[in-house]
Amino acid sequence: RGQLIHRRCHARHILWPLLLMQRGIRATPLPGTKFALRFPCIVVKVVRRTANRHPKVEQQTSGSLTLNANTLYVAAEAQPLAKTGGLADVVGSLARALQQRGADVTILMPGYPRAMAAARDVRSLGAVHLPMALPPGHSPARLLCGLMPDSGVRVVFLDCPSLYDRPGSLYVDATGRDFCDNAQRFAALAHAATAIAAGDTPLPVPSLVHAHDWHAALTPLLM
């Protein structure tokens with residue numbers, strides 16, 4: 001608990017936590033949880049003692065740890081459904097690679113209309129409660145579940161048209177300016193991830209939650 005784990009990282013990714021440790025700053029997990037910090041995503045390991053909550057568990061073999069637990073990725077974009085840069089490539093390809101190695105991976109992302117239209121076998125999971133203040137007139141939020149069109153990785157969309165059905169790109173309007181409510185748009189995504197991690201949705205409770213980039217940064221805090 002509280003260990004910083006780094007594997008195959010560049011030197012700059014390793015040095016910053018070492019500098020924090022030299023200054024006496026230590027990451028302390030909440031009771032009943034474990035986590036590891038990796039740049040640029042935060043990995044939260046959810047440890048629950050309730051029986052039969054996870055279909056798969058970690059296995060210790062020959063001194064090495066094999067992870068085959070249910071894993072939730074939280075990201076604003078994932079290739080090939082939505083992309084503005086390298087984040088989408090990482091999320092889409094890493095989820096596919098882990099699934100090929102036997103991991104059970106789910107990607108949670110915003111319900112952009114084109115992304116939902118491109119996914120396969122999309123179905124509704126029902127409404128999801130977002131405990132945050134939104135201006136009047138916002139659409140109700142619900143979760144949709146489908147599959148990536150290329151890899152078959154499970155993808156879950158936070159469907160809320162007033163937040164994600166807009167002209168422009170994922171983060172900016174048609175004039176190139178940031179949407180003024182981007183903080184609310186991605187706080188809503190973090191709340192949805194927290195609801196999944198808490199077992200408040202029909203989805204399996206994840207054993208690991210990967211929060212990718214600043215869009216998902218509130219997820220570990222809310223958990």
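Two residues are in contact when heavy atoms of theirs lie within 4.5 Å. This is a predicted model, in which local features need a pLDDT of at least 70 and side-chain atom pairs count only at pLDDT 80 or more, while totals for chains, interfaces and linings use all residues. Residues are numbered from 1 along each chain as its sequence is written, and side-chain values use heavy atoms, with hydrogens and water left out.

Leaving aside residues up to four places away in sequence, Lys83 touches Glu77, Ala88, Asp89 and Leu170. Lys83 sits in the loop between β5 (70-74) and α2 (86-100), where helices (H or I, at least four residues) and strands (E, at least two) are DSSP runs numbered from the N terminus. With a relative accessibility of 45%, Lys83 counts as partly exposed; buried means under 20% relative accessible area, exposed over 50%, and partly exposed in between, with a 1.4 Å probe and protein chains only. The side chains of Lys83 and Asp89 are joined by a polar contact of 3.1 Å, that is, a pair of N or O atoms within 3.5 Å of which, within protein, one must be able to donate a hydrogen and the other to accept it, and for which residues adjacent in sequence count only if both atoms are side-chain atoms. From C-alpha to C-alpha, Lys83 is 9.7 Å from Ala115, although 32 residues separate them in sequence.

The structure also holds three aromatic pairs. Rings of Phe, Tyr and Trp (its six-membered ring) pair if their centres lie within 6.5 Å, and planes under 30 degrees apart count as stacked, over 60 as edge-to-face and the rest as tilted. The rings of Tyr112 and Tyr164 have centres 6.0 Å apart and planes at 80°, so this pair is edge-to-face. The pair links distant parts of the chain, 52 residues apart, with Tyr112 in the loop between β6 (104-110) and α3 (113-118) and Tyr164 in helix α4 (residues 161-164). Tyr112 is buried, at a relative accessible area of 5%, and Tyr164 is buried as well, at 2%.

Phe186 and Trp214 likewise make an edge-to-face pair, because their ring centres are 5.5 Å apart and their planes stand at 80°. Phe186 belongs to helix α5 (residues 182-197) and Trp214 to the loop between β10 (208-212) and α6, so the pair ties together parts that are 28 residues apart in sequence. Phe186 is buried, with a relative accessible area of 2%, and together with Tyr171 and Trp214 Phe186 forms one aromatic cluster.

Finally, Leu218 lies in helix α6 (residues 218-222) and is partly exposed, with a relative accessible area of 40%.
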